[in-house]
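Here are some notes to read with the structure open beside you. Take the points in order and find each residue as it comes up.

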Amino acid sequence: MSEKKKLVLIGGGGHCRSVLDVVLRLNTFDEIVITDHSIPAGTQIMGCEIVGGDGLLPRLYEEGFRYAFITVGSIGDTVLRRKLCQNALETGFLFPNIVDPSAAVAADAEPGTGIFVGKQAVINAGAVIGDMAIINTGAIVEHDCRIGGFSHISVGATLCGGTSVGSGVFIGAHATVVQGVVIGRDSTIGAGALVLGDVPNETKVVGKWRALRRSPLAAGAFESEEKKVNDISNRILIIAEAGVNHNGSLELAYRMVDAAKEAGADIVKFQTAKPEQMVSKFAGKAEYQKKTTGGEESQIDMLRRLLPGQDDFICLKKYCETKEIEFLSTPFDIESIRFLDELGCRFWKVPSGEITNYPYLMEIARTKKPVVLSTGMADTDEISAAVSLLREHGAGEICLLHCTTEYPAPFGEVNLRAMQTMKESFGCRVGYSDHTPGIEISVAAAALGAAVIEKHFTLDRNMEGPDHKASLEPDELAALVRAVRHVESALGNGIKRPTDSEKKNIVAARKSIVARRPIRKGETLTVENITTKRPGNGISPMRWNEVIGSKAIRDFEEDELLEV
């Protein structure tokens with residue numbers, strides 16, 4: 001009887017599900033387990049069990065597991081992937097290539113070991129793929145391309161013939177890398193990027209409508225001349241989230257519009273839904289809702305009490321127009337999408353809970369309007385699926401909001417750096433939907449490059465309702481707006497040069513070469529008779545070696561600015 005083929009997938013996150021999907025369909029392994037330090041042992045992923053961390057590899061090898069595959073994603077995880085690979089190799093594991101049956105790999109392509117090729121990916125003749133690389137769904141690697149080990153070619157990306165990709169490089173979804181490009185080690189090419197020429201080491205090219213041209217001085221990406229269609233804004237948009245904190249009262253909603261305008265917010269946002277189309281009669285409340293409104297009432301009854309009718313939203317939009325603040329509302333069902341579209345909202349704010357709602361996202365995309373998409377509770381694969389669906393079906397510009405869906409959100413679970421990861425991964429602008437207490441995390445998000453800040457507010461935190469306790473009061477909202485605008489102003493354009501206010505201080509703060517003691521005409525200038533002192537309107541001390549050894553052109557008294 002032949003020995004059973006047993007496989008260990010190292011990492012329960014990243015691409016574990018994608019790899020498992022292919023492995024299970026190929027049915028080439030008799031037993032599969034997963035190791036991951038961050039997921040409790042016993043957890044099942046697609047029927048396969050998490051057995052513990054990678055420290056178990058020696059024991060699993062003794063138990064007859066001979067094959068291993070790294071399923072930790074490679075977006076920023078190249079170092080970890082290398083370490084896990086080395087540990088497995090030292091234990092004795094073999095690394096199979098896992099290729100989806102729908103993928104096309106040319107007979108004379110040269111794939112390394114431990115690579116993953118996703119659905120309908122294409123690797124053409126003469127392509128060379130390094131070890132442990134990921135070629136994701138629908139990616140195309142043309143003839144004579146060379147891809148280094150541990151690289152990640154994302155969904156729908158195209159590498160034209162003759163391209164050379166360094167080790168550990170990430171190429172974002174739907175990016176196009178044109179023939180002849182050389183990409184340095186550990187670079188990032190964001191989603192939707194078009195790379196037209198050589199990319200220096202450590203260069204990051206991010207975002208749709210961005211390109212990098214061939215130039216010896218190229219140090220990064222620049223905006224293309226092509227105009228962005230449906231651009232949402234050129235500065236940080238601050239959305240004051242009224243949500244349902246009006247408690248169903250149109251009068252309170254009007255007062256909230258007034259408060260948002262007075263605080264300086266750009267937009268005041270509400271929530272629109274038909275309760276019967278949003279939740280079933282069996283849906284219970286979230287835990288935070290039970291804490292704030294009790295557990296006896298069903299979620300649908302709570303929403304019936306809190307959500308205004310469509311006529312109220314018509315009145316609210318008109319009121320916002322009179323107050324010169326933009327009206328926005330988040331739809332929670334398809335009928336509400338159509339209503340708000342007719343009402344004239346210029347872009348969509350999609351809530352975190354709808355990121356996996358295919359029919360909803362299709363309806364949003366159909367309108368061709370820009371989309372601000374919250375990503376609370378979502379992982380990278382779910383975000384990628386939603387973004388791809390929206391883009392493929394005509395949605396306008398997409399901005400992703402990082403979010404932690406808890407009310408209030410614990411500071412330790414915010415993970416603001418994920419905002420930057422999304423920007424690099426998906427090539428779009430990002431922002432932050434803030435559920436933490438206070439304003440400091442929103443301010444930090446602005447400093448990290450958020451294009452949109454969204455924050456719940458209320459007229460009074462002591463009011464009854466599900467969201468009041470996790471909301472800012474009007475004076476706090478005003479403080480947030482002031483702080484974000486200060487940060488926005490301070491971020492500047494990134495060019496390092498003296499500012500107008502600095503220039504007047506140069507003479508007072510810098511030094512010049514002066515006479516250390518009286519110097520006679522013709523005397524040789526040495527370290528004994530010259531020194532540097534303020535003011536800075538004489539010969540710069542950076543010319544020190546040029547001055548040393550020359551002759552004094554006239555007499556100088558002590559401390560006098562030198563002339564040469």
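1. Start at Phe457. This is a predicted model. Leaving out residues up to four places away in sequence, Phe457 touches Ala240, Glu241, Ala242, Asn245, Met256, Ala259, Ala260, Val268, Ser471, Leu472 and Leu477.

2. Now the cores. The largest nonpolar core has 73 residues. Which of them touch the most other members? They are Val268, Phe270, Phe327, Leu390, Leu400 and Phe457.

3. Next, a pair of helices. Helix H9 covers residues 334-343, and helix H10 covers residues 358-366. They pack at an angle of about 15 degrees, and their axes are 10 Å apart. Angles under 35 degrees count as roughly parallel, so H9 and H10 are roughly parallel to each other. Their crossing is right-handed.

4. Look at who meets whom. H9 brings Ile334, Ile337, Arg338 and Asp341. H10 brings Pro359, Tyr360, Glu363, Ile364 and Arg366. By class, this contact of H9 with H10 has five nonpolar and four charged residues, and no polar ones.

5. Stay with H10. Which of its residues are buried? They are Tyr360, Leu361, Glu363, Ile364 and Ala365. After H10 comes Lys368, which has a positive phi, near 70 degrees.

6. Move on to helix H11, residues 380-392. Ser384 is found there. Is Ser384 buried or exposed? Its relative accessibility is 15%. Buried means under 20%, so Ser384 counts as buried. Beyond its neighbours within four places in sequence, Ser384 is in contact with Val155 and Phe426.

7. Finish at a loop. Leu307 lies between helix H7 (299-306) and helix H8 (310-323). Its relative accessible area is 12%, so Leu307 is buried by that under-20% cut-off. What does Leu307 contact, leaving aside neighbours within four places in sequence? The partners are Val244, Gln271, Ala273 and Pro275.

Notes
Residues numbered from 1 in each chain as written. Predicted model: local features only at pLDDT ≥ 70, side-chain atom pairs only at ≥ 80, totals over all residues. Heavy atoms only, no water. Helix = DSSP H or I, 4+ residues; strand = E, 2+ residues; numbered from the N terminus. Buried < 20%, exposed > 50% of the residue type's maximum accessible area, 1.4 Å probe, protein only. Contact = heavy atoms within 4.5 Å. Axes fitted to C-alpha atoms, helices over the stretch in contact; angles between N-to-C directions. Parallel < 35°, antiparallel > 145°, perpendicular 65-115°, else oblique. Left-handed = near helix turned anticlockwise from the far one by under 90°. Nonpolar A, V, L, I, M, F, W, Y, C, P; charged D, E, K, R; others polar. Core = buried A, V, L, I, M, F, W, Y, C linked by side-chain atoms within 4.5 Å.
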